[in-house]
Amino acid sequence: MKKGGVGGAHTKTGLIFEGKVDIVTFLSTQKGYAVHHNDIYYQGDLIAKTYKKYSFYRFLEELGINWKEIISKRLLPDDSIFVIVNNTLFIIECKFQQVAGSVDEKLQTCGFKKRQYQKLLSRANVEVEYIYLLSDWFKQPSYKDVLDYIISVGCHFYFEYIPLSKLGLPVPEEN
C-alpha cells in the first residue's frame with residue numbers, strides 16, 4: 001500500500017500493513033472468520049489465539065511457563081498468533097519507516113529475540129516463527145545486508161503484506 005493509498009487485491013488473502021498490525025481487526029472482517037476476545041474461529045472451529053504485548057504472558061501462564069525462570073527480561077511482541085493446528089507461535093513485528101532512523105538497528109535483533117521466544121516455549125514444545133512486516137521503505141538497496149541477515153538467522157520478512165497461508169491460516173473463499 002502506498003502512503004495515502006488504499007488496500008488492493010490482497011485484502012482477502014493476507015494481513016495488510018497499515019502502520020500497525022492488528023490481526024484481530026483484520027480477521028474479524030474476513031469471510032468465515034469470527035473473533036471472540038483473543039480466540040480466532042474459522043467456520044466455527046477454534047483455530048488460533050492472538051496475543052499483543054503484555055497479553056503474551058497470559059499465553060505463557062496457560063502453558064504453565066514462568067518466564068522469570070527462563071529469561072531475564074520481558075519480551076513484548078507487537079502481535080503474535082498461536083496457530084493451534086501446527087502448534088506454532090508467529091511473532092509479528094511491524095516496522096514502518098519513511099526516513100532513516102532507529103528502526104534500522106532494531107531489525108538486527110530478530111535472531112536474539114527469536115531465540116528468547118524459543119527458550120520460553122521449548123518446554124511446551126511450541127514452534128516459533130519470527131516475522132517482520134515492513135513498509136516499502138525497507139526495499140531500498142541500503143537494507144540489503146540487514147534483510148539478508150534476517151533470513152540467515154531463520155527469521156522472515158514481508159513488505160506491506162503477510163499471506164494468511166504463511167501463518168497457517170485458511171484463506172477465505174471468494175464470493
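**Close-up 1. F96 in the loop between β6 and α3.** In this predicted model, F96 sits in the loop that joins β6 to α3. Its relative accessible area is 40%, and because this value falls between the 20% and 50% cut-offs, F96 is described as partly exposed. Although F96 and L133 are 37 residues apart in sequence, their C-alpha atoms are 8.4 Å apart in space.

**Close-up 2. Helix α4 and the elements packed against it.** Helix α4 covers residues 110–122, and its 13 residues reach 18 Å from the first C-alpha to the last, which is close to the 18 Å expected at 1.5 Å a residue. The buried residues of this helix are C110, G111, K114, Q116, Y117, L120 and L121. An α-helix has 3.6 residues a turn, so residues three or four places apart point the same way. The elements against which the buried residues of α4 pack are α2 (56–62), β6 (88–95), α3 (103–106), β7 (127–134) and α5 (144–152).

Close-up 3. When neighbours within four places in sequence are left aside, the contacts of L120 are with F56, L60, I65, W67, I70, I71 and L75.

Terms used. Residues are numbered from 1 along each chain as its sequence is written. This is a predicted model: local features need pLDDT of at least 70, side-chain atom pairs count only at pLDDT 80 or more; totals for chains, interfaces and linings use all residues. Side-chain values use heavy atoms; hydrogens and water are left out. Helices (H or I, at least four residues) and strands (E, at least two) are DSSP runs, numbered from the N terminus. The expected span of a helix is 1.5 Å times one less than its number of residues. Buried means under 20% relative accessible area, exposed over 50%, partly exposed in between (1.4 Å probe, protein chains only). Contact means heavy atoms within 4.5 Å.
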